[in-house]
Amino acid sequence: MHELSLVEELVAQCRAAAGGRRALVVWARCPAATDAEEVDECFGYLAEQLAAAGDPSLQGAVLRLETVASHIRCGCGYEGDLDDGQVAGHMGVCPSCGRAGELDQPPLELMGMSFAPSAVAQGTARADELP
Ligand SMILES: [Zn+2]
């Protein structure tokens, strides 16, 4: 469950950035070797947990992930990006010498967020403005 701990960090950053506002979309970058589908599921799960605990700031927010290439720094001196076929989990194969090594992974990174109009977030919308 490596993804869940990554997503927990992302969610903590989102809550700090939201400052009580309600997020509509969250943009984040994740390494290509990360299971984006699992990240998305974890995000939705954590958002619901928060909502159940009384913080709806991420409830129903859409997570948009941009995948970035996996990167390796090998003992042979090679440093560069890897294709998906050279990556298995958190290990990669050096295209220069063929040795397997730990990926030099960037963490899940919060890139930006968009928020609901503040009147709605603060619960001051009049009933006749609601859908
Ligand atoms: Zn190498």
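**View 1. Pairing of strands S1 and S2 in the predicted model.** Strands S1 and S2 run parallel and are joined by 7 bridges. Strands here are DSSP runs of E with at least two residues, and helices are DSSP runs of H or I with at least four, numbered from the N terminus. Cys 30 stands opposite Thr 67 of S2. This is a predicted model, in which local features need pLDDT of at least 70 and side-chain atom pairs count only at pLDDT 80 or more, while totals for chains, interfaces and linings use all residues. Residues are numbered from 1 along each chain as its sequence is written.

View 2. The 3 strands follow the order S2-S1-S8, with mixed pairing; two strands pair if DSSP finds at least two bridges between them. S2 (62-68) and S8 are the edge strands, each pairing on one side only. Neighbouring strands are turned by 15 degrees against each other on average, direction ignored. H1 packs on this sheet, touching S1 and S8, and its direction makes about 40 degrees with that of S8. H2 also packs on the sheet, touching S1 and S2, at about 150 degrees to the direction of S2. Axes are lines fitted to C-alpha atoms, for helices over the stretch in contact, and angles run from 0 to 180 degrees between N-to-C directions.

**View 3. Helix H1 (residues 2-18).** Leu 6, Val 7, Leu 10, Val 11 and Cys 14 are buried (20 or more other C-beta atoms within 10 Å of the residue's own; exposed means 12 or fewer, partly exposed in between; C-beta atoms are placed from the backbone). Seen down the axis of H1, the buried residues fall within an arc of 140 degrees, so they line one face; the arc is that of the directions from the helix axis to the C-beta atoms. Ser 5, Ala 12 and Ala 16, on the other side of H1, are exposed. The cover over the buried residues of H1 includes S1 (23-31), H2 (36-52) and S8 (109-115), with contact defined as C-beta atoms, placed from the backbone, within 7 Å. Just after H1, Gly 19 has a positive phi of about 55 degrees.

**View 4. Helix H2 and its buried face.** Val 39, Cys 42, Phe 43 and Ala 47 of H2 are buried. Down the axis of H2 its buried residues fall within an arc of 135 degrees, so they line one face of the helix. Exposed Glu 37 and Ala 52 sit on the face turned away from the buried side. H1, S1 and S2 are among the elements covering the buried residues of H2.

Methods:
Expected span 1.5 Å × (residues − 1). Contact = placed C-beta atoms within 7 Å.
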